[in-house]
Amino acid sequence: MPALRSDQWYAGSDRNAYLHRAWMRRGAPDSAFEGRPQIAIANTASDLTPCNRHLDEVAASVANGVWEAGGVPLNLPVVSLGETQVRPTAMLWRNMAAMAIEEMIRANPVDGVVLLGGCDKTIPALLMGAASVDLPAVVVPGGPMLTGTFRGAPLGCGTDVWRLSEEVRAGTLSPEGFLDSESSMIRSRGHCNTMGTASTMGLLAEVLGMTLPGTAGLPAPDSRLLARSHATGRLIVEMVAEQRRPSQVLTEGSFRNAVVALAALGGSTNAVVHLLAIAGRVGVPITLDDVDRLGSGVPLLVDLQPAGRFLMEDFHRAGGLPAVLNQVADLLDAAAPTVTGRPIGDYLAGHEITDPEVIRGRGAPLMPEAGIAVLRGSLAPAGAIIKPAAASPQLLRHRGRAVVFDSVEDLHARLDDPDLDVDADSVLVLRGCGPKGYPGMPEVANLPLPEKLLRQGVRDMVRICDGRMSGTAYGTVVLHVAPEAAADGPLGRVRTGDPIVLDVPARRLDVDVPADEFAARPLAETMTAAFARPARGWERLYVDTVLGADTGADLDFLVGASGEQVARESH
């Protein structure tokens, strides 16, 4: 075992070493401070993050593995963000959570860290923070919940909320029927059971090399998750001995693999902004254009909601992530490293599809090309994205008249007005929802359709927004438009009636208005009045320093790494 970082606190006989040891004893044996790696278990369990409530049990299994391997496990509660609970949006605090875990890892006498996450922002935040400190680190994803059913049909978390709520507004489902489904939606512990952001980021953590292979995608109630958690506790002690760090694992090849896997899985659009932010912490120069180039020709192999029919329990039963990666092995960088010290290529062979309805073979994909498409044009000079797998094929080339909403409040006030001048060919535009404008880039881009159109049978329209949408959502939604309206992006100059041209195959998003006329337009006062103007606290710091969605929406002073060193003693 090499010299341990924690020895800087515990080794020696002076007053400071005495203080550090004495206050940490509380039943620990003398050997706890003598050459044994101190392992932080960064735990995002919280009663207010329902998808992560079970992580205390996972942490106990990790701790058992750490003890067994000769380390000392230390529970480290960290900022937890419940996607369904916090307002105005969990994304507002992703960077705060990343900064908090970074500082707590650096400030404390720890030699390695196990990162426990599940709900959407928790795994990205943990990876961002751990990458910036660069101590040995490994992720245990909390896993998806089991499938709930309602009236004999499976329910997809999030996806069916959006679907059923629209049917209520369309008049095809009673409010009572909608509410009856509520108690059936969440069947067990775990995060959303669709291929939403939580599932996507857990799986991509493994593709990035940051989990014990074979862990991601295990359902939260599955006893094998606890067995893998125990093994991860053993692994982190080995990683400390070998000094295996995130900077050695999170390579350019790792991120290329993540983009390929994102397309094959039909994963969440939110993964794009998270991958860009994580790459920014380790200095890997991945861009939006790389996301499009690497993912555009990759087939969609996984038939899961929201792009397909099945759910994560089915995905695991059908072979899970290893079976998918085996199908696209020729598109992956097999030499990309993992936390085990072995390349990812060592884990690709021999994993077969056991249900070809859920996971398709390479020769019979759901879609031949399924990557996230990156659009540019007069409405998105810095880029915007769309998920073709979740869109209506007939709308991927579309020209329509803009119907503009200047804020979420404006949307709610006018969307269902019977006199709203809108038809099925219109393009709904919602702005002021980017990182600065909202603040925090909320999941509102999949805005509801006007009630009068729903009652006519319309179920999809082109929608454009500078915010995000839930990874569980679907539809022909252009999102992450950059620059955002609050950063003087062109979306802020669109007017109702402007012709909008979407051409996904050509990767274009344009407004058909003469450039000089468009640039000379003043910004709408109702829009600018709705922009966030926080006077204090985290929101003020965030709005003043957040970068655009096209680079990951990190704070400008958090990009990059600060390392593990702490310059001064505390006493």
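These are my notebook entries on a few things I looked up in this structure, which is a predicted model.

**Entry 1: aromatic pairs**

I started with the rings. How many aromatic pairs does a search of the whole structure find? It finds two.

The pair I took up to begin with is Tyr-10 with Phe-33, with ring centres 5.0 Å apart and 65° between the planes, and it is edge-to-face. I then checked where the two residues sit. Tyr-10 belongs to helix α1 (residues 7-10), while Phe-33 is in the loop between α2 (15-24) and β1 (38-43). They are 23 residues apart in sequence, so this pair ties together separate parts of the chain.

Then I went to Trp-538 and Tyr-542. Why is this pair called tilted? The ring centres are 6.4 Å apart and the planes are at 50°, so the pair gets the label tilted. For the reasoning I needed the cut-offs: stacked is for planes under 30 degrees apart, edge-to-face is for over 60, and tilted takes the rest. Both residues lie in helix α21 (residues 537-545), four residues apart, which is about one turn of the helix. Trp-538 is buried at 14% relative accessible area. Tyr-542 is buried too, with 0%.

**Entry 2: a residue after α21**

I stayed in this region and picked Phe-557, which is found in the segment after α21. Is Phe-557 buried or partly exposed? It is partly exposed, with a relative accessible area of 43%. I asked what it touches, leaving aside its neighbours within four places in sequence, and got Met-99, Leu-541 and Thr-545. I also checked Phe-557 against Met-128: they are 429 residues apart in sequence, yet their C-alpha atoms are 13 Å apart in space.

**Entry 3: two helices crossing**

A reminder to myself: two packed helices are described by the angle between their axes and the distance between the axes. I looked up helix α5 (residues 122-133) and helix α9 (residues 197-207), and their axes come within 9 Å and cross at roughly 35°. On the α5 side the contact is made by Ile-123, Pro-124 and Leu-127, and on the α9 side by Met-201, Gly-202 and Ala-205. Sorted by type, the contact residues are five nonpolar, one polar and no charged.

Helix α9 came up again when I looked at helix α16 (residues 320-327). Six of the eight residues of α16 are buried, and the helix is mostly covered. The buried ones are Gly-320, Leu-321, Pro-322, Ala-323, Val-324 and Leu-325. They pack against α9, α12 (252-265) and α15 (312-317).

Cys-157 is buried, with a relative accessible area of 2%. For Cys-433, the nearest cysteine sulfur is that of Cys-465, 4.3 Å away, and again there is no disulfide. The cut-off I needed here is 2.5 Å between the sulfur atoms. Cys-433 counts as buried at 0% relative accessibility.

**Entry 4: strands**

Next I checked β1, where six of the six residues are buried. Which way do its residues point? Gln-38, Ala-40 and Ala-42 point one way and Ile-39, Ile-41 and Asn-43 the other, and all are buried. I then looked for the neighbour of β1. It is joined by six bridges to strand β2 (residues 72-77), and the two run parallel. Across this pairing, Ala-42 stands opposite Leu-76 in β2.

Which strands does it pair with? Strand β8 (residues 380-386) pairs with β12 in the antiparallel sense over two bridges, and there Ile-385 has Leu-479 as its bridge partner. Strand β11 (residues 462-465) pairs with β12 in the parallel sense, also over two bridges. In that pairing I found Ile-464 opposite Val-478 of β12.

Key. Residues are numbered from 1 along each chain as its sequence is written. This is a predicted model: local features need pLDDT of at least 70, side-chain atom pairs count only at pLDDT 80 or more; totals for chains, interfaces and linings use all residues. Side-chain values use heavy atoms; hydrogens and water are left out. Rings of Phe, Tyr and Trp (its six-membered ring) pair if their centres lie within 6.5 Å; planes under 30 degrees apart count as stacked, over 60 as edge-to-face and the rest as tilted. Buried means under 20% relative accessible area, exposed over 50%, partly exposed in between (1.4 Å probe, protein chains only). Axes are lines fitted to C-alpha atoms, for helices over the stretch in contact, and angles run from 0 to 180 degrees between N-to-C directions. Contact means heavy atoms within 4.5 Å. Ala, Val, Leu, Ile, Met, Phe, Trp, Tyr, Cys and Pro count as nonpolar, Asp, Glu, Lys and Arg as charged, and the others, Gly among them, as polar. Two strands pair if DSSP finds at least two bridges between them.
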